[in-house]
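Student: I'd like to go through this structure with you. Could we start by looking at it together?

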Amino acid sequence: MSDSTPREKLTLKRYIELLEAEGVVVSKPAVPCDWPIEFATDDSRQVRPGTLFVCKGRAFKREYLVSAIADGAVAYVSETDYGVDAPAIIVNDIRRTLAVVADAYYGHPSGKVKVCAFTGTKGKSTCSFYLRGILANEAKLTGCHRPALNTGIEFDDGIEAGPSKLTTPESFLLQSRIAHAAEAGAPWLVMEASSQGLKYERTGKIAFEVGAFTNIGEDHISPIEHPTLEDYFASKLKIFSQSRFAVVNLDMDHADRVLDAASGCERTVTFSLNDENADVLALAIRNDDCGVVATVRTPRFTRDMVIPTPVKFNVSNALAAIACAEALDISEEGIVHGLENVFVPGRMELYRSESGKILGVVDYAHNGMSLETLLRDLRENYPERELAVVFGATGGKGVDRRTTMGIAAGKYADRIVITEDDPGPENVEDICDEIARNVREQGNDNWQIVLDRSAAIETAVRETERPAVVIVTGKGVDDYMLRKNGPEPCERDGSILKRALAAYDA
C-alpha cells in the first residue's frame, strides 16, 4: 500500500483527544504525549519507527504487539492492557477507534473528495460501475481527473488498482484509498458500502457526499453475519447519518422507513420504475441491439439513454446512478451518454454461440432475490427461449440461500444444474441436496446435480436442444473456490462458458 502523500503529523496527544471526543477512551498514558506520530496502522507487518499501533480483532495475539514495539511502535490502542513497555490507550470500542485513528492519520480525506456510496441487498456493484461511467464521461467533458472506484470486484484509487478482497475494506485500507484519490486529483470516489462495513464502522468518519439505498431483501442473515433482518436493515440505514445527499428507490420494500432515515440529509433524490412522484423516472423501456433503451425523466431533462444490458432490472440500477449524478449536479450530457459503454465484470456478461442458438449469461446473482429477478426478467425478454440455469450456494454462511435460490430456480427455470459454489466448511453434496429439495417443492423435476462446476457449465450447454439462454450464477469473476482448507484456484465462469459454447458449435 502506497503512503507517499505528505500530510500533517498529529501528536499522540491529539489522537487521544479525538478518541476522547468519541467517548471511547477508558484510560490513557500518564506520561506527556506531545511527540508526533509518524505512522498509524492495525497491521504489525507495516509498523515502522514512530507508529501508533491499533490492536484489533478477536484473533489478535500479544506477540503481534511485541513485534510492533520491536519494529518502532511508540504507543498502542487496544481494548486490552497487554502490560508491555509502551504507552497504552485503552478503549471500549475498537471498531470505532479504528475509524477515528485511520481518518485522522490520513487527514480526513473524504473532506477532499466527493465520496458516493451505494448500499442495498443487490446491485451495489452495478450501480457503482454505472455511476463511475457517468462521472468518467463528465470528466472527459470538463477536463478533470477520472473518478476513483472501490467495489467488491475491483478498485482503482488513482494511484493503485487491482482486484478487491472485501466489498468494503477495513478502515485503514479504505481511508488510504480515499487519500490516494485526493492525491491523484479525482473529484469523486464511487464505492460500495456493505452492511458489514457500515455495522462494524469500516466506513466510520467518512463524509459521504451521496449515500444511496437501492433495495432491501433477506440476505446475509446468519449467526456470523447479521442475526436478524432488523439488524441487517438497521446497519444499512446508518449510511444516511454520514451523507450530505440521499438517494432512495421508491420501488423498494420499506421505502417509507428508508425515506424517514434519509430525512436528515440536505436533499433526497428519489428514483423509480413506476412511481410518478419519483425525481428520476423511467417513462418507457424497450429492447435494442445495444441493450436496453430507457426514456428517463429527471428534474432537469427527459432523454433516451442506452443501458448496455439484456435485462430490464438493470434499468433500476441505472436510475440509481442517474439520481446520484443529479445530486452531484452532473451535466445533462455527462449523464445521458455516460452509460453507453459501461462493462461490469461478472455482472450480466454476455456470450453468444456462433450459431446464435445459445445466449450465455454470467452473473454474480448469489441469493434468491437476485436470482428470481434475473430469471423473471430474462423470461420476459426471451419468451421463446428455454431458460437453463447453473448455480449453487455457499457453505458456512447465508444458509437461507439454499432455500431462496432453489425456490427461484424451481419457479422460473426450464432446466437446472446444481453445482458447487464456495462450500467452505460444509460438504458440497449436502448443500446441493438441500437446494434440490427446494427445487422439487416447486414442482420442477428437470434438474440434476453435477458437483464439478466446470462440468456443470459444460453439461448445461451440451444438453441444450432448442434455442436457449444458459445462465451461470453465483461466482461472477471469482477465480477461486472456498473449500474446507481455504481458497483454491479455479477457472472463471466466463472462460468455461465461452469454451463450452465453442465446443457446442463445433
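Student: Where is His254 found?

Tutor: His254 is found in the loop between strand E12 (243-249) and helix H8 (255-262), where helices (H or I, at least four residues) and strands (E, at least two) are DSSP runs numbered from the N terminus. Before we go on, please keep in mind that this is a predicted model, in which local features need pLDDT of at least 70 and side-chain atom pairs count only at pLDDT 80 or more, while totals for chains, interfaces and linings use all residues. Residues are numbered from 1 along each chain as its sequence is written, and side-chain values use heavy atoms, with hydrogens and water left out.

Student: Okay, and what is phi like at His254?

Tutor: Phi of His254 is near 60°, which is a positive value in a residue other than glycine. His254 is partly exposed, with a relative accessible area of 48%; buried means under 20% relative accessible area, exposed means over 50%, and partly exposed is in between (1.4 Å probe, protein chains only).

Student: What about Lys205, what is its phi?

Tutor: Lys205 has a positive phi of about 75°, although it is not a glycine. Lys205 lies in the loop between helix H6 (195-199) and E11, and at 28% relative accessibility Lys205 counts as partly exposed.

Student: New topic: how many aromatic pairs does the structure hold?

Tutor: The structure holds eight aromatic pairs, and rings of Phe, Tyr and Trp (its six-membered ring) pair if their centres lie within 6.5 Å, with planes under 30 degrees apart counting as stacked, over 60 as edge-to-face and the rest as tilted. One of them is formed by Phe60 and Tyr82, a tilted pair at 5.7 Å centre to centre with 50° between the planes.

Student: Which parts does that pair tie together?

Tutor: Phe60 lies in the loop between strand E3 (51-54) and helix H2 (62-70), and Tyr82 lies in the loop between strand E4 (73-78) and strand E5 (88-91), so the pair ties together parts that are 22 residues apart in sequence.

Student: Is Phe60 buried or exposed?

Tutor: Phe60 counts as buried at 15% relative accessibility, and Tyr82 counts as buried at 19%.

Student: And how are Phe213 and Phe233 paired?

Tutor: Phe213 and Phe233 form an edge-to-face pair, 5.9 Å centre to centre with 85° between the planes. This pair links distant parts of the chain, with Phe213 in strand E11 (residues 208-213) and Phe233 in helix H7 (residues 229-237), 20 residues apart.
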